[in-house]
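Subject: The structure I promised you

Hi there,

Here is the structure I said I would pass on, and below it is what turned up when I went through it. Keep the 3D view open while you read.

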Amino acid sequence: MDEVLRLRGITKRFPGVLANDRVDLGLLRGEIHAVLGENGAGKSTLMKIVAGMLEPDEGRIELDGRPVRFSSPRDAIAAGIGMVYQHFMLIPVFTVAENVVLGAEPGRGLRFDRREAEREVRELAERYHMEVDPAARVADLSVGLQQRVEILKTFYRKARILILDEPTAALTPQEARELFQVMRNLAGQGISILFISHKLDEVLEVADRITVMRHGRTVATLRPAETSEQELANLMVGRAVQLTSVRPPVERGPAVLEVADLTVQREDGRPAVQGVGFAIHAGEVFGIAGVEGNGQAELVEAIAGLRPAAAGRIRFLGRDVTAWDARRRALAGIAYVPEDRVGTGLVMGFTLAENLALKRYFLPPLARRGWIDRRALWSEAKGRLEAYDVRPPEPGLAARALSGGNQQKVILARELGSDPELLVAYQPTRGLDVGAIEFVHGQILRLRGEGKAILLVSLELDEVLELSDTVAVMHRGRLAAVFPAGEADRERVGLYMTGGRERAQEEEGAGR
Ligand SMILES: Nc1ncnc2c1ncn2[C@@H]1O[C@H](COP(=O)(O)OP(=O)(O)OP(=O)(O)O)[C@@H](O)[C@H]1O
Ligand SMILES: [Mg+2]
């Protein structure tokens, strides 16, 4: 048994939080080792310690049986450990080759040898079966390919241990598939991989071993063959988790949102959304399925008022809101969970209380005659943080001190908790653990039961199918199909998602 990495008794404290509590973990040569756990369980902290980004308070790291100490990522890289963070650190205007070699350039003295860099990167990509054009500009690459560049970057620095923090969270299912293939190839060449994920099915599919963390500790290490999604979920959360939710029947009310002939442009002026029309009624979840980049992001931004409509109309509760700005729409009762929690969802340097009140701090009961009532702000925040199980539920904490999933919970607490008439949610459960997903799905169904309207955009087809009363498929800026829940199944929706619309219609025509 060839153990390349061993963690012994790793402990890490943050003010008021024990993030890692005497963690033990072993990683074998050529192994794919998944790390699972609730939001805030300490997964990212542990990986940052292995990658030299953080120093443990106690415990030690052994490489090939010898104790090592990392006081910076540089030390860990020199020892053969590479980490790919969830937010990529590439320079968009540079080429693939320039990004890969940055900081470790070939060439003599100060002259950068571009040809040599491209040759080296091409060789590296071939050796590890990771196709990518070394001369392409990173800004022009898909998320999946950018991730590949990040991985190549670690191998250029001779990594033998690769750490991936939620690598599939931003990938399409197809890209995730390709990543797993890459991971298997790497493992076959003796590279050891530690990877964090919240998706139990993919963990069972790709990992050789799975370690579950809870409250900073490792609670179990298992092999996929000897466990199940249900058992993993229960181990993570410490109680039985309902992995699918049931939609009770709800009487549908009047139209809350009406979109007609809506056209929305991308930054470069090309249409992202083309002549889209639909209505969402009180008590209805309208789900939009689709492959990322088919106009869903621009559609929700237009409805939230963050992107102008180039043509068409948006009506909310019977009023034409097409010309309203985002703030006016929010105050009128449109809640919005954005795609990008770091950029548009939260202000990282603000406290949780401030983030929760972001859109209403100037209104009663949080303000009186223009003065902000800090005590009201605080106590309301405390209640919401507890209701949404944000850990830790401290109103005074800066948003940046929270784990990724807990940041997402703060946005959900603000938006779902604002008692909206319409909820517009883009990937609301991205980065959440199974227990938190169960809760958020429950909250969406609660709003639906209270006669609110919900627009749910998700790249997870199962999530759309599970929650939606109406399932639409977006493809190349148009709604390619709209099904009532009973008529939408995986096969049918999947076909439209990949543009098999004409094929689908032909088949249905032939079947008639
Ligand atoms: N820089 C920091 N300052 C203060 N507390 C922190 C900091 N980084 C992490 N924490 C805390 O440490 C705990 C573990 O966080 P960590 O990011 O490791 O969780 P995680 O398991 O990766 O969760 P997620 O699934 O949500 O990404 C959390 O309670 C978090 O609030
Ligand atoms: Mg994390």
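A definition first: Ala, Val, Leu, Ile, Met, Phe, Trp, Tyr, Cys and Pro count as nonpolar, Asp, Glu, Lys and Arg as charged, and the others, Gly among them, as polar. With that in hand, the shell around ligand 1 divides into seven nonpolar, ten polar and two charged residues. Please keep in mind that this is a predicted model.

**Around the ligand**

Which residues come nearest to ligand 1? They are Phe 14, Ser 44, Thr 45, Ser 403 and Gly 405, out of 19 residues around ligand 1. At least two residues of the shell are supplied by each of strand 2 (17-28), helix 1 (43-50) and helix 14 (404-416).

**The two domains**

The domain assignment gives domain 1 (3-237) and domain 2 (252-333 + 424-434 + 456-512). Taken over C-alpha atoms, the centres of domain 1 and domain 2 are separated by 34 Å. Ten residues from domain 1 and eight residues from domain 2 make up the contact. On the side of domain 1 that touches domain 2, helix 8 gives the most, with three residues. The residues of that side of domain 1 divide into five nonpolar, three polar and two charged.

Helix 8 covers residues 229-237, and Leu 232, Ala 233 and Met 236 are buried in it. Why do the buried residues of helix 8 line one face of the helix? Seen down the axis of helix 8, they fall within an arc of 100 degrees, so they share one face. Those buried residues pack against strand 3 (32-37), helix 7 (200-206), strand 9 (209-214) and helix 15 (434-449). After helix 8 comes Gly 238, which has a positive phi, near 80 degrees.

Now look at helix 17 (residues 490-497), where Val 493, Tyr 496 and Met 497 are buried. Seen down the axis of helix 17, its buried residues fall within an arc of 105 degrees, so they line one face of the helix. Helix 17 is followed by Gly 499, with a positive phi near 85 degrees.

**The nonpolar core**

How many residues does the largest nonpolar core have? There are 141, and those with the most contacts inside this core are Ile 163, Ile 193, Val 424, Ile 454, Leu 455 and Val 473. The core draws at least three residues from each of domain 1 and domain 2.

Take Ile 163 as an example. Leaving aside its neighbours within four places in sequence, Ile 163 is in contact with Met 47, Val 50, Ala 51, Ile 81, Gly 82, Met 83 and Leu 194.

Ala 34 counts as buried because 26 other C-beta atoms lie within 10 Å, where 20 or more are needed. Beyond its neighbours within four places in sequence, Ala 34 is in contact with Phe 195, Ser 197, Val 203, Ala 207 and Ile 210.

Leu 27 sits in strand 2. Is Leu 27 buried or exposed? Leu 27 is buried, because 22 other C-beta atoms lie within 10 Å. Leu 27 and Ile 193 are 166 residues apart in sequence and 8.1 Å apart in space, C-alpha to C-alpha. Leaving aside neighbours within four places in sequence, the contacts of Leu 27 include Glu 3, Val 4, Leu 5 and His 33.

**Backbone points to look up**

Most residues other than glycine have a negative phi, and most peptide bonds are trans.

- The peptide bond from Arg 391 to Pro 392 is cis, with omega near -10 degrees. Pro 392 lies in the loop between helix 13 (374-387) and helix 14.
- Lys 158 has a positive phi, near 65 degrees, and lies in the loop between helix 5 (143-156) and strand 7 (161-165). Lys 158 counts as exposed because it has 12 C-beta neighbours inside 10 Å.
- Gln 427 is not a glycine but has a positive phi of about 45 degrees. Gln 427 is found in the loop between strand 19 (422-426) and helix 15, and is buried, with 25 other C-beta atoms within 10 Å.

Happy exploring, and write back with any questions!

Best wishes

Technical notes. Residues numbered from 1 in each chain as written. Chains lettered and ligands numbered in written order. Predicted model: local features only at pLDDT ≥ 70, side-chain atom pairs only at ≥ 80, totals over all residues. Core = buried A, V, L, I, M, F, W, Y, C linked by C-beta atoms within 7 Å. Domains from an automatic or database assignment. Contact = placed C-beta atoms within 7 Å. Near = placed C-beta within 6 Å. Helix = DSSP H or I, 4+ residues; strand = E, 2+ residues; numbered from the N terminus. Arc of directions from axis to C-beta.
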